[in-house]
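Have the coordinates open and follow along.

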Amino acid sequence: MDTNPQIYGFLTCILQTLLLASATLEPFDLLYDNGVEAFNKGDYGNVVRYMESALHSFSEVRQTKITCRLKCRDQHRFDSFLTDKFFEVILHRAHCLNECFEGKLGAQSMHKVSDDVSQDFNRRIPYNYLQLAYRKLGQLDKAVSAAHTYFQANPEHVEMGEDLEQYKAHTGVKEEHLIDRESRPHQRAFFAGVKLYDKGKYEDSVTLFEEALTEYYRADVECRALCEGPQHFEEQDRVLYKYNLYELISDHYTQVLHCEHECVRDLATRPGRLSPMENYLPLHYDYLQFAYFQAGRTEEALDCALTYLLFHEGEEFMTENVEYYREVLGHDGQTRKEAEQYLRRHKQESDLLIIGSNNIGVTYTEGSYWSSSGGREDANRIPSGTDGWMDYVPISAKRNVTLSMLQELREGGPVLYENVKVVQNSHTLNGSQRVLLDDVISEDQCSELKLLAHSVTAAGDGYKGKMSPHTPNEKFEGATVLKTLKFGYEGRVPLKSARLFYDVSEKARRIIESYFMLNSTLHFSYTHLVCRTAISGQQDYRNDLSHPIHADNCLLDPEANECWKEPPAYTYRDYSALLYLNGDFDGGEFIFTEMDAKTVTASVKPRCGRMVGFSSGGENPHGVRAVTRGQRCAVALWFTLDPLYRELERLQADEVVQTLDNQHMWDHGLHINPKDEL
């Protein structure tokens, strides 16, 4: 008997096993869990080892899925819709995928993780652990990079923002350490191109915009590949309904098609955001047509202008540009092929989704992906920015519209009270929907309210008990109207002082409503008596702010020059006001900035009776400079035009005031506790 074939087969089996074992990748959920455990033990060296390995494993799994799906799709195509051929291709493709995936990473079952773990990685939670671990290990450059990476996807994380400011102040930290390790190539190139464009470096910006387009179309292919595979059928209960095989297949591929269609939104959405950047892909061609023109490359400018019109047919400003380019060149141009193919595919998908949507209970909007952007009419104007976006965006992803957007923006109405003076308006404050007023309340009223604040405010009130929510160098204390009235009712503060707080806030509301000429009632959204106190011994070499630059109803994104109206922002707030009680402190100026959160457009020095009012959106980014000595007190007010979002405590305070009015229980200097009279 010839034993050579048996030996050969045995050795081959061993070799395959060894190769498979060498290809096995450790599951990222296990590595992540080990990293968290090491962190809890204070073992920061292992935190770094496990978390970095987990991130590498996560990236490898994702890239392998893309590579294998694209490879197997190319090898096994659906060239026929015959039933037997269809199933044959599916089986061959599945076998190909299994071999490809397991040959690179090991058993697929090892890399199936829970939704919670996947969400943590998508939210970049591992980088939060890493920045803390690297800081403990004294590796500040890596700590800064991890912190910056985390903060890009979690800009609402106040503590991380404070950590980054502290890192920047450290002598060993440089600008190049602020690296987003998870930046998406197509977005990175685009924003870098915009920066060069804004500096007038048009030839250099062209290179980056073209790179961004190449990366965008590559990312689109990868995003669509990730949509293949098992799908979740959250809309239907498979136990209650019995479907035949063809209905199940139809549902599956409709889900896949829907996922692929959503890649338009995904690629235009920055990390940590729910809303896409408006007009994102067409904007590349808008920038390019003008950059090419400025660089003297008119033929390329014409091609890009024509391509832009594929997305926004008949757009007036671009049509005028096209006519100008044609006149200069003496001939016509051509639209870009990659954009034609992209739009043709998405048009087919849209048609199929409209047909198939009834099968899975999803409603789609017919029409183009990109609505008309309504740009300026002058030829060769600066690109239209982020106005306009695709009509097809799921309702949950559409940007919130507050009632203030539906009103004509006006200002200059009466201030209603004789002594109140308008000191500056929007024009002199270098913005829109801004006003600065003096003598809203008297010196005596300021003193009374400041004395009230010392008695009723509590550290961390309004910020979940955090004594220093905005900066570790100041103490924050606050109190609501209802709490103040309760203290007055119990005799812990003068009842008339509590009533003064209530009345003063109502006076401020009426002034804002009247001055901005609002055609519907302005309601209280939140009312707060607040004081910020400089902490002794922590004021040397400060370079942070008392309150970082922000907007009141949206998440400010300086790099994208956007403000995203989505949670956790208070999207329902429409107007804001700050009524100051004193000015005897150092620092603490209120500042307005541009959307970049750096360029100061106006500065207001607080003083007794001074009030600044403004609309709460991204048009008015603002903050407070560091309070370096003393205490700064104010009545902070936020308003809404939507009665559904009225402040509950204010409504309760209204009832308390009404009851006390009816019982004539307001004293004029005596400290009466009504409970003692019972």
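Q: At roughly what angle do the axes of helix α19 and helix α20 cross?
A: Helix α19 spans residues 495–515 and helix α20 residues 648–662. Their axes, which are lines fitted to C-alpha atoms over the stretch in contact, come within 12 Å and cross at roughly 125°.

This is a predicted model, where local features need pLDDT of at least 70, side-chain atom pairs count only at pLDDT 80 or more, and totals for chains, interfaces and linings use all residues. Residues are numbered from 1 along each chain as its sequence is written, and side-chain values use heavy atoms, leaving out hydrogens and water.

Q: Which residues of α20 does α19 meet?
A: Contact means heavy atoms within 4.5 Å. On the α19 side, the residues are Leu495, Arg499, Tyr502, Ser505 and Glu506. Their partners in α20 are Arg650, Ala653, Asp654, Val657, Leu660 and Asp661.

Q: How many charged residues does the contact of α19 with α20 have?
A: Asp, Glu, Lys and Arg count as charged. Besides five nonpolar residues and one polar residue, the contact has charged residues numbering five.

Q: What is the order of the strands in the open sheet?
A: The sheet has four strands with antiparallel pairing, and two strands pair if DSSP finds at least two bridges between them. Its edge strands, β6 (545–550) and β12 (600–604), each pair on one side only. The order is β6-β14-β11-β12.

Q: Which residue in β14 stands opposite His547?
A: β6 and strand β14 (residues 622–625) pair in the antiparallel sense over three bridges. Opposite His547 stands Val624.

Conventions. Axes fitted to C-alpha atoms, helices over the stretch in contact; angles between N-to-C directions. Helix = DSSP H or I, 4+ residues; strand = E, 2+ residues; numbered from the N terminus.
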